[in-house]
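Here is a short report on one protein model. Look over the sequence and the structure, then read on.

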Amino acid sequence: MAVNEIRDTIQGDIILTAEGVGYMTRCLNLKEGYRNEILSVDVTNDNAGINTAFGIPEQAYQLYVSPYPIINTEENINLNDGVIFTNAGPLAGDEQVLYKETCATYYSNESQQFPFQFKEQFPSAQLAATPTTKWYSPHVYITVLYWGAPSQLVNTKFSLFMRVNQIKSSGTTVSMGQYKEFLDSQCRLLTDTAVVYDPADVAGYVFPMWRHGGIRPELMISGTTALRYYNRVASNANQEMTTRAALQTAYTDATTMVGFDAAFGDAALNLPEWITLMDVGGITAGAIRQYPPPLKFADNGNTLMF
């Protein structure tokens, strides 16, 4: 086990494209065959921020530290004032992100005299000073994404400091970890994990009976139908007979799907679901074979199984 202190920079000039976007990255190589654990990480913008001069339109940048270069996704940076920076990097909670920093400048009025700037980072400054993420790839990338004016010249100066605990691991563990990180870096462009409900329906979806209240209602069975199952008549009295098909139909109807607040069973036929407890295998299994297979016995009398 060894603690490696990584102190490096990514710097240089970049000219944004005609669409006002830019991309730059740098690779830092590490030792092969180790599990890398971040003990602490810190990133400093040596330019002290992005350009906030008057007359410059909305600007933003995202800085990532990751095992593989960050690829632009279909995610956007959405500000409260309606400003949108399209095709941003992945969310901070993405598996491939070791560190993420987002900074944006925008103006609150048409005269563009009062620029606002906000900055977010993940992990937060408190968590970044403690052990957080692990990875296995023998390299780490610093990637910066820019948004600004078309053909704008941006001077980049970022410094990275990272304390990494490197632990020797088996070849199998390292290979599987590297393969996972390689897939995580390229397989997802848009994340949509939320399940959206109408606020009035939340209780009904989470705990269905909360929406209805009380216990679920139950169907009552008629006395005539009950007599088919509970024969309280004399042993020599005549009784109404039924068929196996009729019983099979009744058991099927009794298991009809119902709404969350409805009684189990079939309300139209007045068949509660509990009559299926009286079912026996011979009723629902179908007709008995006319010529069942004969039993064959071994010499010692045991039944042979085929």
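Leaving aside its neighbours within four places in sequence, which residues is Glu-37 in contact with? Contact means heavy atoms within 4.5 Å. By that rule Glu-37 touches Pro-131, Thr-133, Lys-134, Arg-163, Val-164 and Asn-165.

## Basis of the model

This is a predicted model: local features need pLDDT of at least 70, side-chain atom pairs count only at pLDDT 80 or more, and totals for chains, interfaces and linings use all residues. Residues are numbered from 1 along each chain as its sequence is written, and side-chain values use heavy atoms, with hydrogens and water left out.

## Overall make-up

The protein has 7 helices and 13 strands. Both are DSSP runs, numbered from the N terminus: helices are H or I with at least four residues, strands are E with at least two. Of the 306 residues, 33% are buried. Buried means under 20% relative accessible area, exposed means over 50%, and partly exposed lies in between (1.4 Å probe, protein chains only).

Among contacts with a separation of 6 or more, 74% join residues 24 or more positions apart. The protein exposes about 19400 Å², and carbon and sulfur atoms supply 55% of that area. Accessible areas come from the Shrake-Rupley method with a 1.4 Å probe; for residues, only the protein chains shown count as cover.

Glu-37 lies in strand S3, residues 34-45. Its relative accessibility is 14%, so Glu-37 counts as buried. Pro-131 is 94 residues away along the chain, yet the two C-alpha atoms are separated by 7.0 Å.

Val-154 sits in strand S11, residues 153-168. Val-154 is buried too, at 13% relative accessible area. Not counting residues up to four places away in sequence, Val-154 touches Gly-12, Asp-13, Ile-14, Leu-16 and Tyr-146. Gly-12 is 142 residues from Val-154 in sequence, and 8.4 Å from it in space, C-alpha to C-alpha.

A cavity is a set of points, on a 1 Å grid over the protein atoms alone, where a 1.4 Å probe fits but cannot get out; lining residues have an atom within 4 Å of a point. Grid points are joined across faces, edges and corners, and a volume is the space filled by probe spheres set on the points. The count comes to 1 cavity of 30 Å³ or more. The largest cavity has a volume of about 50 Å³. Its lining includes Asp-94, Arg-188, Thr-73 and Glu-75. By class, that lining has 4 nonpolar, 2 polar and 3 charged residues. Ala, Val, Leu, Ile, Met, Phe, Trp, Tyr, Cys and Pro count as nonpolar, Asp, Glu, Lys and Arg as charged, and the others, Gly among them, as polar.

Asp-94 is in the loop between strand S6 (84-85) and S7. At 8% relative accessibility, Asp-94 is buried. Leaving aside neighbours within four places in sequence, Asp-94 contacts Asp-184 and Arg-188.

## The second largest pocket

A pocket is an open set with protein on both sides within 12 Å along at least five of seven lines. The second largest pocket has a volume of about 220 Å³. Of its 14 lining residues, the closest to the centre are Asn-76, Ile-77, Asn-78, Leu-79 and Phe-118. The largest share of the lining, 3 residues, comes from S7. By class, the lining has 6 nonpolar, 6 polar and 2 charged residues.
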